[in-house]
Amino acid sequence: MLEPRFSGGVLLLWLLCGTLVPTMVESAIGVNWGTISSHRLKPTTVVDLLRQNKISKVKLFEADSDVLRALMGSGIQVMVGIPNEMLPFLSSSPAASDLWVRQNVSAYVGRGGADIRYVAVGNEPFLSSYNGQYQNLIMPAILNMQQSLVKANLAGYIKLVVPCNADAYQSSALPSQGAFRPELTQIMNQLVQFLNSNGSPFVVNIYPFLSLYNNGDFPQEYAFFEGTTHAVQDGSNVYTNAFDGNYDTLVAALTKLGYGQMPIVIGEIGWPSDGAIDANITAAKVFNQGLINHIASNKGTPLRPNAPPMDVYLFSLLDEGAKSTLPGNFERHWGIFSFDGQAKYPLNLLLGNKELKNARNVEYLPSRWCVANPSGDLNNVVNHMRLACSVADCTTLNYGGSCNEIGEKGNISYAFNSYYQLQMQDSRSCNFDGLGMVTFLDPSVGDCQFSCRRYR
């Protein structure tokens, strides 16, 4: 994809005005690659998956050495994340930031290396639920990191960003009234000044699904891009989808700080395929394809017509079966690919392939499952199910999940099988005091798929 370049005149105007002038850049579709999984694909397999699908940008949540090594020489542009837990060290110690840059950036870049373009300092550190825990650490950390990049002669190429959750800004009703939360005004002033002076974009995570999930009165069709009978009228501007409204609320907030033209990158956006009433394969496909088509149209938004985001990173590449379900059971089902790199639904990323291509050379265990023994006394099965689901992923059994209506014996079999596959089909893991048995007949029912694809 095209990268932003400044002509001499534009650069001079930027220097004179102190505000970054937006350049027409072709928006790139990238993906988030999370690794919170009980059984991960080999990083080399995932990189091959990215290249097969012509995905040229990837966002990582941490500097995983195996992942970064696999990305070396791939030509894929990388945003490397720093977890919030590291902010106390990086904010208080220039030596700690120097070490982080040496170990996680310098060690992988260079000829034939990983093409690291961004380092994300923290992940949604201003989230309101953190109660300000990281708020005062961001600027010291980012300033230390900048100096570390300067020392490593990388500051001219690698930019620092801070991915923010959309709850960092708010509006009483209309996008044009958007403003950063009052307690964040000072820190946001400092942050956007830093981003602007270093040519970095503002990175934001926008989730229309969560707006729908958390608000029973939210109009369902407004979350998608197919049109709505609940359009929002904001002066002469009309909003027909939640993404545009949320995005322009941020634009308005940045404008109030004097940076209305700052480039914006969508760090995370997507739709889960299971684990909640509105989380299913159909909705995920409709949302993600609608988003991709919307971005590719270059229509932009009412406050930024003909100027879509610089980049958009879909959340996410793969399902992560070990993620916390505290926000909801859907958390383990955001991937456009299942955990083993198989496409869940047809999706045209508009990157050259009409549909997603599956991961190659994935070695699977034999096709066998663990189910409830029909001759067993299932009256004492509760503790066994609790044990199985405390370790394995049983989120599809819950209300709204694809396996929610398969009956009591079906629930037991699903729980047993999930545990059995997690244990690499060890025959002992299907015992459950005689209540389980191995079968070679697929027990899947309709949309409820019993996994047997745990790979070697």
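Modeller: Domain bounds come from an automatic or database domain assignment. The model is predicted: local features need pLDDT of at least 70 and side-chain atom pairs count only at pLDDT 80 or more, while totals for chains, interfaces and linings use all residues. Residues are numbered from 1 along each chain as its sequence is written, and side-chain values use heavy atoms, with hydrogens and water left out.

Biologist: What distance separates the centres of domain 1 and domain 2?

Modeller: The protein chain is divided into domain 1, residues 28-337, and domain 2, residues 369-439. The centres are taken over C-alpha atoms. On that basis, their separation is 37 Å.

Biologist: How much area is buried between domain 1 and domain 2?

Modeller: Contact means heavy atoms within 4.5 Å. Twelve residues from domain 1 and eleven residues from domain 2 take part. Buried area is the accessible area (1.4 Å probe) that two parts lose on being put together, summed over both. Carbon and sulfur atoms give 55% of a total of about 800 Å².

Biologist: Which residues in domain 1 lose the most area to domain 2?

Modeller: Three residues together account for 44% of what the domain 1 side buries. They are D274, I277 and N329.

Biologist: Which residue forms a salt bridge with D393?

Modeller: A salt bridge is a side-chain nitrogen of Lys or Arg within 4 Å of a carboxyl oxygen of Asp or Glu. For D393 the closest N and O atoms are 3.1 Å apart. The partner is R332.

Biologist: How many residue pairs are in polar contact across the interface of domain 1 and domain 2?

Modeller: A polar contact is a pair of N or O atoms within 3.5 Å; within protein, one must be able to donate a hydrogen and the other to accept it, and residues adjacent in sequence count only if both atoms are side-chain atoms. Both residues must also be at pLDDT 80 or more. The rule finds three.

Biologist: Are the residues F202, V203, V204 and N205 of β9 buried or exposed?

Modeller: Buried means under 20% relative accessible area, exposed over 50%, partly exposed in between (1.4 Å probe, protein chains only). F202 and V204 point one way, V203 and N205 the other way. On both sides, these residues are buried.

Biologist: Is K151 buried or exposed?

Modeller: K151 meets D98 in a salt bridge, 3.0 Å from N to O. D98 lies in helix α5 and K151 in helix α6, so the pair ties together parts that are 53 residues apart in sequence. D98 is buried at 17% relative accessibility. At 55%, K151 counts as exposed.

Biologist: Which residues are linked with R181 in a network of salt bridges?

Modeller: E183 bridges to R181, with the closest N and O atoms 2.7 Å apart. R181 is buried at 9%, whereas E183 is partly exposed at 43%. The residues linked with R181 are E183 and D167.

Technical notes. Helix = DSSP H or I, 4+ residues; strand = E, 2+ residues; numbered from the N terminus.
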